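Please read the following briefing beside the sequence and the coordinates.

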Amino acid sequence: MVDTEVWGQPTPSVLALERELARVRRERAAHAREHVATVARAAVLNIVVIARRQVHALRAAETVATLAMRHPSRAIVVLGDAREEGPPGISLHAQLPSGDRAELVYNERILVRARGPVEDRLASVVLPLLVPDLPLFLWWTETPDVDRPYVRDLLALAQRLIVDSADFARPERTLPRLATACVVDRRCALTDLNWARLTTWRELLVQFFDVPAWRQLLEDIEGVRVSFAVDADGREIHPSQALLLVGWLASRLGWRASDRISPSEAGGHLFDLARADGSRIPIRLRPRFERGLSEGDVSGIRIDARRDGRHTQFRIHRDGGRWCAAATVSVDDEIVSERIVPLPATDVVELLSEELTILASDRVFEEALALLVTLA
Amino acid sequence: MALATAANPLRAGLRLARVPEPSVLVIFGGTGDLTSRKLMPALYDLARQRLLPAAFAVVGIGRQQLSDAEYRTQLHDAVASHTRSRPIDEEVWRTFAERLFYVSVRTDEGYDELRTRLGRFDRDLGTGGGRLFYLATPPNAYAPIVRALGRHDLARNGTGWARIVVEKPFGRDRASAAALTGTLHEVFREEEIFRIDHYLGKETVQNLLVLRFANAIFEPVWSRQYVDHVQITVAESLGVDERAEYYDSAGAMRDVVQNHLLQLLTLVAMEPPVDFAAGAVRDEKVKVLRAVRPIGSEDVAANAVRGQYGHGFIEGANVPGYLEGTEVAPESRTETFVALRFFVDSWRWEGTPFYLRTGKRLPKRATEIAIQFRAVPHHLFATDAREGLEPNTLVVRIQPEEGISLKFGAKVPVQGIRIRSVAMDFVYGAAFLVDAPDAYETLILDALRGDGTLFTRQDEVEEQWRLVDPILEAWRTSGARPPQYAAGSWGPGEADALMARDGRRWRQP
């Protein structure tokens, strides 16, 4: 069942859908005029959300609606599951949802409801619904199966594929496969909300090594430990953020894989990376229960370096309860620099908003991914 | 070892903010008003946004004897009430304050102590020899400080860089501005001098350059062929209460016209620079300032209006006149209002007037640039149909709500033709939903990074004074009192007459 309150009445064709949208727009404009306001129709991008479950579809549609003022867009939500029972088919619904800020800009929401094995037709429905001349962001709420032809068809329409590897069951395998399908085959740019979650971590790490005296220690790193949050029972293990952070560090510093990634006790990972001269750097990813953090979120990183007998430790630790991070440098266990900075939780709205500002491919991300490919 | 001098290999990619190199910021006037109301809150906000380098220190300089701890306590309260992210985060403040120091400087020994401590920071904190000196003192202290910095080898330390930030006023006429520059040049090279005009740190002012040079549709109409005239308004509803003593010796011309208003004119009128680097942008700014026709003493009456506010009402409150202020000389002829008509003698702007006005105790606080376009060459529509039609205007609002609006005529949707003006509004805050940074945050960061694009260069300052000096001189020699205007009005009637003579009128911002 489609909730027509949320998604609007079904319309028989794309043309009828556009007419319905125009009708609702007029209605809304008349209403706005009574309240001495004007509503603008604006769109700077198309966003196509692919969801298999109603709840994901709705959450995504609401996220896009929240961004209506910053990234006014036409949102096309494709909802369906090939395994669904009942007569197969596709129906279209259109709605201008009214939110708290939707009074100023129309936020067009279109639902493409697919039932049964109709996936191969999806691209042909999405294409005529796109606002012409505008980029298309494809937001896949689960794990896209790049071996399926319809997935490749949709990727070919898009400028950018947005995924969230936080929920990937085997991110160290899935991410590289996605990277190949998008980037290597040059279909579209790929991005991961989990990568965007790392921006602040990367910023803080980079700042340590802006200091020349500390920068030279990059050559003397003898170990990296990254911890990431798990639930209290330690069952939900999602190491993809931690992996991406290590992948980034390694790709920037010219380290390469020296052995395959292997699970260690308690759901962690333990492996070595190697410098150009072959010397090894042990990497340890540790799951830890941390109150207030979502599963998979990086909660800390520690980089140990030794030069001339002096042991320098660079450490960033996130305090889940207070949403701030302490960045400290200590030499032979004595703290020489300490900074506490806010590190607020990044909600999906913020992350998506950042992604929507970037159209080109993110080279640094792709290089970090490429390193993960060699580890898998 | 090579990595210590090479670029940071981690610093690549589009998402990372540009953070300054390790350095020390030394603020002269460390206990002053500007420091506690603007500079420290801006620095704290930068720290909060992770925009300060990991190796960084701030040293406040003052005449009082204070310990580092006392200084930190003093500034804590100032930052707590002036940061734009209230309430203050005590943990963030704590680690920020650990890098906050105070040195009392009265004599040469003070400078020696400063040098010793800076050396210690370089060693212990890794600040690497980078120094940014900030003159947040009254202008009469500038020269002695600069010379002392030179004498004590503080500006040349062999390893790092040294720069100096100078607050306005940059002199009080062309000669004193040149003298100030001369003093600065005894110790600093011109590219190490950052003259701050906080207007240039405002987002919309920078956006003006983006609007002009990143869009293809505006630049073709940005000339005498399509623009009827330009109006630039910097209106304040406040009086001169706190700064009366300074203001009475300066006046609106020196306080606002010489810097803010002429900067805005420059940005509207300049030619496209070859790139967005400091040199190219400032070259173009100087070029257009050179093209502005000075208002000579014989033209002052026709092109310049001054005024002084009398008593009146602002937002319903009864406010006293300028001369009733306690710190104002009873016979003061200081102008609190200026309106000017400038022409830019260039290929692009020949014959297009630029009207500038600024004043205290005007009805509201508003800063805007309005580009008014010419009417269509031939009117198709009957006179009564176009009664509601006003000229096309592009307004760049800077205060209070940053944004851009374009006014154009549209048909009223009924039968027959009736035209009404509608405005297409772009509101900065609504479109990006982020708090714009304070101008001081932007400018401190730029100075720490060594980017001088938004700072005023020596030749720019001198060109500004070249335009201002003859008008001030004509007013001074006339011996007349400035015309009075009621507080809460848009200035003296003479300002309206200045426009009316050209068949135009001021906008209501």
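**Arg50 of chain B and the overall picture**

Arg50(B) has a relative accessibility of 13%, and because buried means under 20%, this residue counts as buried. The model is a predicted one, and the points below should be read with that in mind. Arg50(B) sits in the loop that joins α2 (33-48) to β2 (56-62) of chain B, and its phi is near 65°, which is a positive value in a residue other than glycine.

**Contact between chain B and chain A**

- On the side of chain B, 37 residues are in contact with 44 residues of chain A.
- The size of an interface is often given as the accessible area lost when the parts come together.
- For chain B and chain A the buried area is about 3600 Å², and carbon and sulfur atoms give 56% of that area.

**Backbone features in loops**

- The peptide bond that leads from Arg86(B) to Pro87(B) is cis, with omega near -5°, and Pro87(B) is placed in the loop between α3 (68-82) and α4 (90-97) of chain B.
- The peptide bond from Lys168(B) to Pro169(B) is also cis, here with omega near 5°, and Pro169(B) belongs to the loop between β5 (162-167) and α7 (174-187) of chain B.
- In chain A, Asp308(A) has a phi near 50°, a positive value in a residue other than glycine, and this residue lies in the loop between β14 (298-307) and β15 (310-319).

**Chain B as a whole**

- Chain B contains 15 helices and 17 strands, and its C-alpha atoms fill a box of roughly 80 × 60 × 45 Å along the principal axes.
- The radius of gyration of chain B is 25 Å, which agrees with the value near 23 Å that a compact globule of 509 residues would have.
- Of the 509 residues in chain B, 56% count as buried, and among contacts with a separation of 6 or more, 77% are between residues 24 or more positions apart.
- The accessible surface of chain B is about 21500 Å², and 53% of this surface belongs to carbon and sulfur atoms.
- Chain B carries 63 positive and 67 negative charges, whose mean positions are 3 Å apart.

**Chain A as a whole**

- Chain A contains 12 helices and 17 strands, and its C-alpha trace spans about 75 × 45 × 40 Å along the principal axes.
- For 376 residues, a compact globule would have a radius of gyration near 21 Å, and the 23 Å found for chain A agrees with this.
- Buried residues account for 58% of the 376 residues of chain A, while residues 24 or more positions apart make up 71% of the contacts with a separation of 6 or more.
- Chain A exposes about 16300 Å², of which carbon and sulfur atoms supply 49%.
- The 49 positive and 54 negative side chains of chain A form two sets whose centres lie 2 Å apart.

Definitions and conventions. Residues numbered from 1 in each chain as written. Chains lettered and ligands numbered in written order. Predicted model: local features only at pLDDT ≥ 70, side-chain atom pairs only at ≥ 80, totals over all residues. Heavy atoms only, no water. Helix = DSSP H or I, 4+ residues; strand = E, 2+ residues; numbered from the N terminus. Rg over C-alpha atoms; globule rule 2.2 N^0.38 Å. Buried < 20%, exposed > 50% of the residue type's maximum accessible area, 1.4 Å probe, protein only. Contact = heavy atoms within 4.5 Å. Areas by Shrake-Rupley, 256 points an atom, 1.4 Å probe, with all protein chains shown as cover. Lys, Arg positive; Asp, Glu negative; His and termini not counted. Charge placed at Lys NZ, Arg CZ, Asp CG, Glu CD. Buried area = accessible area lost by both parts, 1.4 Å probe.
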